[in-house]
Amino acid sequence: MNRYIKYLLLVVVVGLVAYKSVYIKKLSTMVKATGNKFDAVTFSKKLWEERLPAKLDSAIALSAFANAVQQNPGDAFLKYSNALGIGNYRYVLIKAEGVITEIGDDDNTLQINNGDSLMRVKLATEFIYGNAIRDASALVDVKDFPNTMDLNNISEELNKMVRKSVLPPFKEKVKKGDKISVTGAIEINKEHLRWTELEIIPIRLQIVQ
Amino acid sequence: MLKRLPYYLLLGACFFIQCKSKTTADKKHKIAVVVSTLNNPWFVFLANTAADRAKALGYEAKIFDSQNNTALESDHFENIIVAGFDAILFNSTDADGSIANVLKAKAAGVPVFCMDREINSNTAATSQILSDSYSGAVAIAKYFTQQLKKKGNYVEILGIVGDNNTWARSKGFHSVVDNYPDLKMVAQQSADFDRNKAMEVMETILQANSNIDAVFCGNDGMAMGAYQALLSAGKADKVKVFGFDGAEDVITAINENKVAATGMQFPKVMAETAAQFADEYIKGRRDFPQKIPVAVELVTNKNIGDYIAYGKK
């Protein structure tokens, strides 16, 4: 009898240890499917056509933004800039009117009146990449997109629209001395401001005269 | 035996009571830092910064080195849970293989904050603070294309194939360069983010392809390995090398025009944000974004004066 109790206790102890040591779960519950069906093309097209125009209408003049940064950088970046992530890069929707003083392979030089002085910036005409439009628009919230690639794809689709629909007609006609009007996005490193290297990614672009 | 039964039962009860009291009594607000490897100075910096920040916030902090081994990482998680740590600041060894470990912690009520390396689950970790590798690689690729004047032969050396950063960097890079048909990739090989392996890989590639204009590497260690191979082959002046990380030797190499560019990551920002989030979680906050990108900045010889290793001056 004693022997049976001993064995029974042993079985209970071993069973308890084994039960507490081993966990069996379905693989499907361990690895959440990552391939969600977010359609970046449709999302970006809708954003471009329906929500971005209103944002562009309220873009700040580049010269006004530059002056605001000069006076109080903290306030200016807080009020006018946006970024989905953490870091020094900030993105702003700006508008400007100026004269094309140089036409390069990858960009044009745009001269803008800024009060008593002139401001020269680059107007990107070739390398339309990065997150400037997506982030400057402030229309995309990082909390809505747990898949990082979805965010990257939104940027890529918005950039494609510029490359395919905004730039070709402009590049065909633009020449040195033309006065142009542009509304677009800029990327700016708030820790190291370099206005001379500023590059505008155009979203609305037209030759005024 | 029957006479001794109450003693056995008492002993068993003591065992469980001891286990229970250990997990509650040992709660001294401890934060664990689990890092993929301490063999790479970049990850040493990440782990130390996270631990230092946790200590500064008033926690006891301990670093666990997974030695790029998911099984060892799993052991660390088991020990961390049993030891009653309050949070884990985590740099994973494998985007898929590490998910089970994070879920184990989650089931035990221990929040996990991923640093730099992503895991392929949107529900396992409390939050993931990650370098925006894709966008960083886009910026490098734009500079790469400009430097090569949109044409030439190039090599891509990839990191660990199971790591998401490897592919985020590669995809970001190709999202730009693939638009230029005169830029031709003559070889693409993995060197596991390892400097010596990258040197060997580059030596082999050079034997088959003598006409190379540039090399894009998934991290700075591999960039230095590739540069070493090019130097030995007498091609270091002709071939432009591009890295990713912002490691000390590459910052020096950019200064000396040996390396063309790198993507500066900010391990300090990631580690400190993760520690801060853990502190806020312990104090009651629950609404964390699942993923937060940390900007990667392009470093070239034009703006090298603004940077030091792993960050800004």
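Is B:F144 buried or exposed in this structure? Select B:F144 and colour its side chain: this residue is buried, with a relative accessible area of 0%, where buried means under 20% relative accessible area, exposed means over 50%, and partly exposed lies in between (1.4 Å probe, protein chains only).

Before going on, keep in mind that this is a predicted model, in which local features need pLDDT of at least 70 and side-chain atom pairs count only at pLDDT 80 or more, while totals for chains, interfaces and linings use all residues. Residues are numbered from 1 along each chain as its sequence is written, chains are lettered from A and ligands numbered from 1 in the order in which they are written, and side-chain values use heavy atoms, with hydrogens and water left out.

**Stop 1: chain B as a whole**

Show chain B as a cartoon, and look for ten helices and 14 strands; helices (H or I, at least four residues) and strands (E, at least two) are DSSP runs, numbered from the N terminus. The C-alpha trace of this chain spans about 85 × 40 × 30 Å along its principal axes, and 57% of the 313 residues of chain B count as buried. If you display contacts (heavy atoms within 4.5 Å) in chain B between residues at least 6 apart in sequence, 73% of them join residues at least 24 apart.

Now switch to a surface view of chain B, which exposes about 12900 Å², with carbon and sulfur atoms supplying 52% of that area; accessible areas come from the Shrake-Rupley method with a 1.4 Å probe, and for residues only the protein chains shown count as cover. Colouring by charge shows 34 positive and 34 negative charges in chain B, whose mean positions are 4 Å apart. Here Lys and Arg count as positive and Asp and Glu as negative, while His and the chain ends are not counted, and the place of a charge is taken as NZ of Lys, CZ of Arg, CG of Asp or CD of Glu.

**Stop 2: aromatic rings in chain B**

A pair of aromatic rings is described by the distance of the centres and the angle of the planes. Rings of Phe, Tyr and Trp (its six-membered ring) pair if their centres lie within 6.5 Å, and planes under 30 degrees apart count as stacked, over 60 as edge-to-face and the rest as tilted. By this rule there are 22 aromatic pairs over all chains.

Select B:F77 and B:F90, whose rings form an edge-to-face pair with 5.0 Å from centre to centre and 80 degrees between the planes. B:F77 lies in helix α3 (residues 70-82) of chain B and B:F90 in strand β3 (residues 87-90) of chain B, so the pair ties together parts that are 13 residues apart in sequence. B:F77 is buried at 0% relative accessible area, and B:F90 is buried at 0% as well.

Because B:F144 lies in helix α5 (residues 133-147) of chain B and B:Y154 in strand β6 (residues 152-158) of chain B, the pair ties together parts that are ten residues apart in sequence. B:Y154 is buried, with a relative accessible area of 2%.

Then select B:K150, in the loop between α5 and β6 of chain B, where phi is near 70 degrees, a positive value in a residue other than glycine. B:K150 is partly exposed, at 23% relative accessible area.

**Stop 3: salt bridges**

A salt bridge is a side-chain nitrogen of Lys or Arg within 4 Å of a carboxyl oxygen of Asp or Glu, and a search of the whole structure finds 22 of them over all chains. In chain A, select A:K45 and A:E49, whose side chains meet in a salt bridge of 3.2 Å, N to O. These two residues are four apart in helix α3 (residues 40-57) of chain A, so about one helical turn separates them.

Next select A:K179 and A:E97, a salt bridge whose closest N and O atoms are 3.7 Å apart. This pair links distant parts of the chain, with A:K179 in strand β6 (residues 179-189) of chain A and A:E97 in strand β3 (residues 89-103) of chain A, 82 residues apart.
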